[in-house]
Amino acid sequence: MAVSTDGGGHWSSPALVNRSAAQPGEDNGYASAAALNDTDAAFIWLDGRNWEKDKRVQLMSRTVCADGTMSGVSLLDPDTCTCCSTALVRTCSGLLAAYRGHTPENIRDISLIQNRGAWFQPRIAHPDRWHIEACPVNGPHLDTDGARTALIWFSAPQDQPAVKLAFSEDGGATFTPPLRIDTGNALGRAQVMVLPNQSALAFWLENKAGTATLLARHIRNNALRDEPFELARGGNIGYPHVARARDGISLTWPEKDTESVSRVRVGLLSIA
């Protein structure tokens, strides 16, 4: 972690958030952060310090201040999927984290955990009962405007891949039944952006005739009223990321061309 107090002009020296430099263990990372106020932020990450002993990866959290001081580490879940990205947002009711959980039977469904002054116990968002013997490297994503929160994720039980989207109006305590938003050839790596007027934009990858395609879909009033539209197509598209920008939504993704040259693509999606 590094801190800037002048809009990114200068940065502090980086500091380890997940462990001290002398602490033994296997690092996993996949960290997410959310601002608590002007000086403090909450972090979550996947932690492999007990991998050699228990063959388990854990979800950890701590609070970090701009001056570099940190709280103690909190254990949120002792058994998670090993290498799926995490998500963390601050809703009107407190912090909400999403990640791919794990059971001894290798069920890897999306878990949620809330913090309303203290961390609650994890719970499954919507049970897919996805049994897979290896990590799919395909984590969930959250976005919120404070009052309304969207959760998007990939799942493939019985080898039926799908991208699903659900909404919460109470800070993540409950979610609507999920909408399946893909067209039948989902690769996942999904992102979501909450928009005004009960709408949202979802982004994900699909396989179109052997080619990875980045798609987007406008969801209005918890219903699939608009068809997906294509944003990019390429043989090797990596994980997309979205962020709010002054003139719309900033979208970036890595892509490897036919000559195996890797580049980062950036686009701006205007919202009418």
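In which strand does glutamine 114 lie? Glutamine 114 belongs to strand E7, residues 110-115. The model is predicted: local features need pLDDT of at least 70, side-chain atom pairs count only at pLDDT 80 or more, and totals for chains, interfaces and linings use all residues. Residues are numbered from 1 along each chain as its sequence is written, and side-chain values use heavy atoms, with hydrogens and water left out.

**Figure 1. The chain and its secondary structure.** The chain contains one helix and 20 strands; helices (H or I, at least four residues) and strands (E, at least two) are DSSP runs numbered from the N terminus. The radius of gyration, taken over C-alpha atoms, is 19 Å, close to the 19 Å that the globule rule gives for 272 residues, so the chain is as compact as a globular protein of that length. The globule rule is 2.2 Å times the number of residues to the power 0.38. Along its principal axes, the C-alpha trace spans about 50 × 45 × 45 Å.

**Figure 2. The surroundings of glutamine 114.** With a relative accessibility of 6%, glutamine 114 counts as buried; buried means under 20% relative accessible area, exposed over 50%, and partly exposed in between (1.4 Å probe, protein chains only). Beyond its neighbours within four places in sequence, glutamine 114 is in contact with residues including Leu95, Trp119, Arg123 and Gly171, where contact means heavy atoms within 4.5 Å. The side chain of glutamine 114 reaches the backbone oxygen of glycine 171 at 3.2 Å.

**Figure 3. An open sheet of four strands.** The strands follow the order E13-E14-E15-E16, and their pairing is antiparallel; two strands pair if DSSP finds at least two bridges between them. Strand E13 (186-195) and strand E16 (229-234) are the edge strands, each pairing on one side only. Strand E14 (residues 199-208) and strand E15 (residues 211-220) are joined by 10 bridges in the antiparallel sense. Alanine 200 stands opposite isoleucine 219 in E15.

**Figure 4. Cysteines without a disulfide.** A disulfide is a covalent bond between the sulfur atoms of two cysteines; here the term denotes a pair of cysteine sulfur atoms within 2.5 Å. A search of the whole structure finds zero disulfides. For cysteine 81, the nearest cysteine sulfur is that of cysteine 135, 3.4 Å away. Cysteine 81 is buried, with a relative accessible area of 1%.

Definitions and conventions:
Polar contact = N/O pair within 3.5 Å; in protein donor to acceptor, adjacent residues only side chain to side chain.
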